[in-house]
Structure formats: structure tokens, C-alpha cells
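Colleague: Could you take a close look at the aromatic rings in this model for me? I would like to hear how they pair up and where the pairs sit.

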Amino acid sequence: MPIRLLDEDTIGKIAAGEVIERPASVVKELVENALDAGARSVRVEIQAGGRELIRVSDDGHGIPAEELPLAIQRHATSKVTRFDDLARLTSYGFRGEALASIAAVAELRIVSRPPDSPHAAALVSRNGRVEPPTTVPAAPGTTVTVRDLFAHVPARRAFLRQDHTEAAYVQRVVAACALAAPEVRFELVVDGRTVLATDGSGDLGNTIVGVFGPDIAAEMVPIVPPADDEHDPERPAVTVSGYVGLPTLTRGNRQHIILLVNRRWIESRSLTFALEQAYHSLIMVGRFPVAVLHITVAPDRLDVNVHPTKREVRFSDERLVFAAIQRAVRGTLTQHTPAQTIPSFTTTPLTAPAVQRRMALTHPNRFRPTPPPPPEGAPADDPDPGMTVVPDPGSAVPVLRVLGQVGATYIIAEGPDGMYLIDQHAAHERVLFEQLWQQYERAKPDIQTLLEPLVIELTPTQLETAERCREEMVQIGFHIEPFGGSAVAVRAVPAIAARRDPRAVLLGILDEMAAGGRGTTLLESLTISTACHSAIRAGQTLSLAEMRELIAQLERCTAPRACGHGRPTMLHLSQEELERQFERR
Ligand code: ADP
Ligand code: MG
């Protein structure tokens, strides 16, 4: 085929492919236009997942009748005139291609009336053909209606998911926009049913109630600014505010994590990771926190023009942002959860009461982490699969009276409200993990120098792992040197590991690290692993005094609920539950 220029229609459809991927992308562009127009109230309506109809109405400054035909042309924008403007951008839009892209792949109708105009003008575009504007009666503001999305783009249509899934994507977009602009009233109506409504009060807490509902909002707390932020003149290069869920509030996917940078909703794996890391070891593996973070950076440290739908941004120093998120979130969590909640024996109704009771008592495995989350970006249906741990809201580690040991594995204790079973290994692992981490943070690992260097033969994998983790191993107190061939000489180990056979501890750690480790960084994995391999084992008989000491140490932990691997350290059978189990009431 000879080279030739594409016709306008084809160019438009290709360009639209970048911006308009699915109904949610249309909604995002239209809502952002409404916000750019200074709207105080935005109503979004969709039918059949947005495939049949998307309508966004606002009370913003409108589009003058004579500019209407221009609005739907590509590269037509009222928001920037020069490329340099992007550095100081305060509007969501700047590419001037959203309306044009929508017009290329759907039927588009815009009705708009600037407040000082006596009536509204309407513009209809079908299949890229624009009909001359007409005058119609309407309230001030703009209503954009999009019908039959992708009716003429079969390839795109084929990629759409089921209506309820598309609707879930739309809901996430509207949620994010509402959380980005708490002073604007939002309403989302899906097939005639209002699924989201915010009050426009300007209060983020109220907005969260409107977006996530009162139950979730009740378990969220405002981010406490780090103390040193106020006085440092260099700050705030990056500030983080918003709300985070307590560790008791978790979801099976990342749908309830909303990151806003300068009021722009972004998706960032690395910043999401920073958030999750702040929850590390506070929530179970495979569960995800709920959070709404408003991140503010100087506009000139941010490039918003790196993605056609502006979903990603680039920071001039992402590490700063990463650190700021971790600090703010971790700081807030430690203030709100000085002592962690304890998984309770109480189970949610699953089966007949008798069966449920038996399972609760005989299947501690059911308190293990839930199955892995659905793939990244999956929509908001959160079935909460099989989560049977109901965290006890009353929740510090209470003062416990040790009664004895069960199966040389569990410590049985009595507390103010019933009975506790503590997994001695998991509990000790938690204690050692926190000790080791503190020592690392103070840059003072407690080490035990060996009387004579211990020479150990390693497998090639173990050797390679030891080399990969060398720096981190030093940071927590291992002093290891190459000893020719595949051997190493161990000169010192972390003090906590000295109680056990250093050879077994080291090999255990190297094997776990080779298998990937369980932390979010090499150092954390190493710390978790070292704590685990140094801790008392299941099957080890303990004296009453040893058990009491262990419980006392656990009480002093900041997150006594789970071991470093995320397994629970204790189970609780409340007085009430005991009475119920024995049918005393
Ligand atoms: P951009 O938002 O990047 O400027 P769009 O294609 O989304 O490009 O919109 C083109 C222009 O149409 C905008 O610059 C704005 O002037 C006007 N416009 C679009 N939607 C609205 C609205 N809801 N209210 C007022 N003006 C609007
Ligand atoms: Mg726009």
C-alpha cells in the first residue's frame, strides 16, 4: 500500500483510542471539564454501564454559543495558550482533545448556557458530523450527553466488560473526583439509582462518608502531620494530608486507595506501595488498606503531561514523595493504634451455628490471611471472601494471666474478658522483629561475636543470596566473610539469634531470602526472617516464667497482633462467646 495521509475521521478515532478507553474515561474527562468550569455541583448519570448513556451536568461558567463548535475540535482549549503554561497549571484539562475524542466515538450532545446568557445553545455531533447549534431553554451551566459509545468502533466495544463492571469503574472515577474536590457537590446515578452523593461542604471527612459510606468512614482517621513539618522552613516541599483506615479496616483489593496529587487523581504503583508499606505487619498479607491521600507538591516539581489520560504524573523527586507518604501514614497509625487489636474467636455467620462453633474452635487455620487479591485495576466489587477474623474493638493486649501451655505450642491465658490462646512462635517472632528493627533504626545492632569464627559451606544459591543481602545483613548484625570456594566464615550474629544454633539460623534465613522473602524491602525481609528463625519454635516446652516473660514482651510491642509474616499471634474467646458456646445463654 502506498503511503498516504489519513483522513480526519480516522485520525480522530485513533487519537480517541488514547483518551477514551471505556465509559469511565468519558466520565473522567467530562467531570474534569465541569470542575475546570468552576462548578459547585456535578451530577453524573449512566445507563447500561455507560454504554447506552452518560450524562454529566454542571452549574459552571458554561460555553458561549459561538464557541461551542470549537469546543469539540481537537486541540481546542480555553485553558492554556503556551507550552510553558503547563508548569503552572491549575486546571485539569489542557490537551483540548477530550470532547473531540468523545465526538469521534459516540453521539455527543452539549447543552450549555453561561450564567449571563438568556438561553442555552445546543450542539449535536453524530459520528463525527456536527449539526449547526440550536437555541434551547436550560438552566445556567453545561450538560454533556454521550450516547452509544463505541457503536462504530467494534474493536473497542468488544473490550468492554459487563455493565456492572463498567459501572464500578465509573464509580471509582466519580469517587476520586469527589474526594479531590470536597467543596463540590457530587451525585452519581447508575441506572436510576443514586450510588454516591457528597454534600459539597468542603470537609473531606464528610465527603468520605458520602463516597465510601458511614461504616468505612467510621474506621478512618485524619492524617496527623509529622511534628517537625511545622517549623522547618525547607518544608513543605511535599505535604500529605487526608484520611487513612485503621489497620482493622481492610479490603481484598486496592479499590479503596485513592491518591490525589495537587487534587489530581493518579495511579502510581510506587506511591501505593509506599502506603502499603506503612501498614506492613499491621494488616494481614493479601489485605489492603483504605486511604484517601491528598499529596501536595510545588507545581513545577510535577509533570502532568506524561500520559494521555493524565492518570500518571512524574515527580522531579519521587523519593521525597514516597518518604513523605510513609512518614505521614505510619506516624498516624502508631498514634491511633498504640496496641493492636486481636483477632477474636468470634466468627461471622457462615454456616449453621453448631458447625460454625466447631470450626471456630478446631480450625485456627481459618484465621489465616485470605486468598490473594484480584488482578490490579479490577473494579470495586469487594466480596470480603471468607474473612472470619472479627477484630475485637476493645483492643490493647490486655493484662494476661498465664495458665499453661497447650501442645507445647500455644500459651493459654486468661484476660479481663475471657480466654486467649497465644501462638508462642508467632508471638516471639513479633517481639524479636520489633527489637531487631529498633536496633537497626538506632543503627546499633545488638551483636554476639562468636568465640571462634564458624565456617559454613553454602550451596551456590545460598552463596549468591548472601552476597545479594550482604549490606543488609551487616545492618542487622551479621558479620560474614568469604572463606574460599563456597564457604563463608561467620564472625558475629545478631544477639537475638545467639540463643539458637547460628548455623541453622543462617541457613534458614538464606533459604527464605532465596525464595523471595516476605517483606517489602530486602532489609525488612531479612529482619522478618531473622526474627522467625531466632524465635522459640512450636513444640518447645516453656516454663511458666518463660511464658510470662514472653507475654510481657508482647505487651510492649507496638503491633502485637501479628507476627512479621502477618500471621496472628493470638486468638480470643470472649466471656460472652464462652457462655454462648456452652449454651449458658
Ligand atoms: P480541555 O479540557 O483539555 O481544554 P476539552 O476537549 O475537554 O479540552 O474541552 C474543550 C474546551 O471546551 C475547554 O477548554 C472548555 O473551554 C470547554 N468546555 C468543555 N466542557 C465544559 C464545561 N462543562 N463547562 C464549560 N466549558 C467547557
Ligand atoms: Mg477537558
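Modeller: Happy to! Rings of Phe, Tyr and Trp, the last taken by its six-membered ring, pair if their centres lie within 6.5 Å. By this rule the count comes to three aromatic pairs in what is, please keep in mind, a predicted model.

Let me begin with Phe273 and Phe322, whose ring centres are 6.3 Å apart, with 55 degrees between the planes. Planes under 30 degrees apart count as stacked and those over 60 as edge-to-face, so the Phe273 and Phe322 pair is tilted. This pair links distant parts of the chain: Phe273 belongs to helix α9 (residues 269-278) and Phe322 to helix α10 (residues 318-336), 49 residues apart. Phe273 is partly exposed, at 30% relative accessible area, and Phe322 is partly exposed too, at 22%.

Trp437 and Tyr440 also make a tilted pair, with 5.2 Å between the ring centres and the planes at 55 degrees. Here both residues lie in helix α12 (residues 424-441), three residues apart, or about one turn of the helix. Trp437 has a relative accessible area of 22% and Tyr440 one of 26%; buried would mean under 20% and exposed over 50%, so Trp437 counts as partly exposed, and so does Tyr440. Ring pairs also bring in Phe433, which forms a cluster with Trp437 and Tyr440.

One more ring contact may interest you, this time with a charge: the charged end of Arg22 sits over the ring of Tyr169, 4.3 Å from the ring centre.

Notes
Residues numbered from 1 in each chain as written. Chains lettered and ligands numbered in written order. Predicted model: local features only at pLDDT ≥ 70, side-chain atom pairs only at ≥ 80, totals over all residues. Heavy atoms only, no water. Helix = DSSP H or I, 4+ residues; strand = E, 2+ residues; numbered from the N terminus. Buried < 20%, exposed > 50% of the residue type's maximum accessible area, 1.4 Å probe, protein only. Lys NZ or Arg CZ within 6 Å of the ring centre and 35° of its normal.
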